[in-house]
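Trainee: I am new to this structure. Can we walk through it together?
Mentor: Gladly. Let us take it one topic at a time.

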Amino acid sequence: EAGGGAGGGGQRLLSARRVMDREYEAEPDSLAGEQTWPTEAELAAARPAPPGARGDDDDYQRGWTGALDAESGAEGESDGEGGAAMGQAMGGYSDDDEAMDADEEAAAEEDDGAARRAYLQQRAARDEDAKFPDEVDTPVDVAARVRFARYRGLASLKSSPWHPRENLPPEYGRVFHFEHWPTLQRQALKEQAVDEPPEGRAPAGSYVRLQLRVPRRFVELYGAEGGVGQAGEAAAPLVLSSLNTHENRLAVLHFTLSLTAAAEAAELVLRGKAPLVLQAGFRRYAARPIFSEDNRRSTKHKLERFVQPGRQVVAT
């Protein structure tokens, strides 16, 4: 309802027929699933081992672990001796407390060292990817045909044919596909303008009362009326937004992003599939996006393992 001011009469604007289609997921087409997809056993065999389980890293990591253990043990012994002498002189500490403090400090130092080593390894991998972007190391303990079973060779990334729906998992059948979004958007806005007469819209500057059918939990968070909770305290602000046609569909989103000057100065390493929070307007999406090159002149885009400084990538 919309009213001209405080205490004024209201006018009902929204009719029951103006209810948006609430279909969120598309209906998968079983006939469209005729594609070659490896079995679970093949996927498990082709999946690379974690960094700590590869044989070529064991000697290197054992060297780091042994050095850290020796260093932590030496520091624990020196702290324990000093703590015992101070406890005898002051009588305020016991050997058990000093040993516990030494163990906590050693654990904290070991965690910091592990985080530092992980960061240095990721930064080295990013720098190597920047120098050799088109090369992948072949493992020595796994056959190349097994390691690269999910790869496909292309004679030319620019001219070789590649169907966009080739080798997709069946879950992608629930995603809506739009052939040309700008044209569909203009058509939807034109249809909305025809379906909504001018008398069905609230004029600018008027007060509007909204009645929502919500669950009980919603009332506890935002209050039953006027943004006031059940106990009388002010509730969290509620943001409402209208959606156009097709804006409630399950689809794939693409964001262009690059590192800021502060992130480059801090030598931030951003790897693909890292947890991020992407914001578009007032909406936020928690996701683990993959990165690809920002090349809009081609129908195929090369995967980027890292966000390189000074470059712009597409997060999907």
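**Strands, rings and surface**

Mentor: Strands E5 (residues 276-280) and E6 (residues 283-287) pair over five bridges, in the antiparallel sense. Keep in mind that this is a predicted model.

Trainee: Which residue in E6 stands opposite Leu-276?
Mentor: Look across to E6 from Leu-276. The residue opposite is Ala-287.

Trainee: Which residue takes a positive phi in the hairpin of E5 and E6?
Mentor: The hairpin has two residues between the strands. The phi in question is near 70 degrees, and the residue is Gly-281.

Trainee: How many aromatic pairs are there?
Mentor: Ring centres must lie within 6.5 Å to pair. By this rule, the count is three.

Trainee: What kind of pair do Phe-148 and Tyr-151 form?
Mentor: Their centres are 5.2 Å apart, with 90 degrees between the planes. Planes over 60 degrees apart count as edge-to-face. The pair of Phe-148 and Tyr-151 is therefore edge-to-face.

Trainee: Why is the pair of Phe-178 and Trp-181 edge-to-face?
Mentor: The ring centres of Phe-178 and Trp-181 are 5.4 Å apart. The pair is edge-to-face because its planes stand at 65 degrees.

Trainee: Which residue has its charged end over the ring of Phe-176?
Mentor: The charged end sits 5.1 Å from the ring centre of Phe-176. The residue is Arg-249.

Conventions:
Residues are numbered from 1 along each chain as its sequence is written. This is a predicted model: local features need pLDDT of at least 70, side-chain atom pairs count only at pLDDT 80 or more; totals for chains, interfaces and linings use all residues. Side-chain values use heavy atoms; hydrogens and water are left out. Two strands pair if DSSP finds at least two bridges between them. Helices (H or I, at least four residues) and strands (E, at least two) are DSSP runs, numbered from the N terminus. Rings of Phe, Tyr and Trp (its six-membered ring) pair if their centres lie within 6.5 Å; planes under 30 degrees apart count as stacked, over 60 as edge-to-face and the rest as tilted. A charge sits over a ring if NZ of Lys or CZ of Arg is within 6 Å of the ring centre and within 35 degrees of the ring normal.
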